[in-house]
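Hi there,

Here is the structure I promised to pass on to you. Have a look at it first, and then read my notes below.

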Amino acid sequence: MKIISIANQKGGCGKTTLAVNVAATLANMGKQTLLIDLDPQAHATFALGYNEKASGRKTSYDIFRASFDKTEVSFEDIVINDRDHLSFIPANMMLSAAEINLGGVNGAAAILYRTLSDPYFNKYEYVVVDSPPSFGFLTLNSMYAADMMLVPIDLSYFSFNGINSVYRVSSLLKNETGRDPSIFFVLNIFDKRSKFARKLEEEAKKRLGPYLLTSKIRASVRLREAASLGKTIFEHDIKSSASSDFYNLTGELLKSKDKDIKVALKEFSLHAPKAGSVYVLGDFNGWKKSEATRLTKLESGDWAAHFTLDRGRYRYKFLVDNEWISDPNNVNSEHNVFGTADSVLEV
Ligand SMILES: Nc1ncnc2c1ncn2[C@@H]1O[C@H](COP(=O)(O)OP(=O)(O)O)[C@@H](O)[C@H]1O
Ligand SMILES: [Mg+2]
């Protein structure tokens, strides 16, 4: 079984659309697939047309409740099986209660993972999990369970903040639990006629390298229609551009293994709550100040960015409001021609 979780802190970037239609593509490819709605807003549940049927029936909330109450849950009662090759666990608003009741409980991030290790779920080749737009308890469960994370980015500037937080949470997850899913990004709602979109695509490529999938999901009104009719894109319009985009994306996902990738992703961060701008400049970007080398300000007062770097040795420095600063979190440094020190990094 392979578990693919869709997550991004940003709402409206296409998590639910991707979860529903990647799962539908896998099912269409003849693979036994389970889709789990883990968002209290239950958009995936609606997008598959279970508006009424889901009320009054068991949902993903019952997985968490069973764990909380230490009772058994009957999976037969939770899983809906009315589509070919595609099973579904719906959600409802009660799920937000799980977040409140279980958020601080030790080991609670592993509930979904433990549940899916039950032999009942052995029949599924793929499990796809839709997550809410936050990095709380539910998304942590989704990430903990995941073998692979798929992060949709729409081409708005704020999507890049989402990228940083995905890595922050995943490195936290790795340190705390040892779980280390591979992470891939996909451009969604892409409009290649827009100059702005092409520019942001270039930037995403620079930052994410091979972790940005080459398949994109184009903007398609058919996807919106399908969701409002309670259908997958294949049920609504199998000949649409969106249907072929989802086939390409899913095919690429099945082939993607991060272990094959030679470049490494490196996080740069600096605590500078009062700064107006922070750039990281170094051998890896030609010491050139540009939008692509700018760090993003986080609520904590930290600035952060991630870049893909080929293996090698690099000198770099931060440029904070036009003042050069070496990396206070890196003890490795060497003198430069200006008589000051550059930070040195080996990847
Ligand atoms: N590729 C796309 N083309 C057109 N509309 C899209 C596309 N992807 C998502 N949408 C629409 O954008 C809105 C937000 O998408 P959704 O998948 O619900 O995002 P999220 O789950 O991240 O909040 C929905 O109305 C959805 O139908
Ligand atoms: Mg959603």
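**What I found**

Helix H1 (15–28) and helix H10 (221–229) each supply at least two residues of the shell around ligand 1. Helices here are DSSP runs of H or I with at least four residues, strands are runs of E with at least two, and both are numbered from the N terminus.

This is a predicted model, in which local features need pLDDT of at least 70, side-chain atom pairs count only at pLDDT 80 or more, and totals for chains, interfaces and linings use all residues. Residues are numbered from 1 along each chain as its sequence is written, while chains are lettered from A and ligands numbered from 1 in the order in which they are written.

Back to the ligand: 17 residues surround ligand 1, and Gly 14, Lys 15, Thr 16, Thr 17 and Arg 224 are the closest. A residue counts as near if its C-beta atom, placed from the backbone, lies within 6 Å of the molecule.

Next, look at helix H3 (residues 60–69), where the buried residues include Tyr 61, Ile 63 and Phe 64. Buried means that 20 or more other C-beta atoms, placed from the backbone, lie within 10 Å of the residue's own. The buried residues of H3 pack against strand E2 (33–37) and helix H5 (95–102), among others. After H3 comes Lys 70, with a positive phi near 55°.

Finally, there is an open sheet of 3 strands in the order E8-E11-E10, with antiparallel pairing (at least two DSSP bridges between two strands). Its edge strands are E8 (264–271) and E10 (296–297), each pairing on one side only. Thr 296 has Ala 304 in E11 as its bridge partner.

Enjoy exploring!

Key. A residue is buried if 20 or more other C-beta atoms lie within 10 Å of its own, exposed if 12 or fewer, and partly exposed in between; C-beta atoms are placed from the backbone. Two residues are in contact if their C-beta atoms, placed from the backbone, lie within 7 Å.
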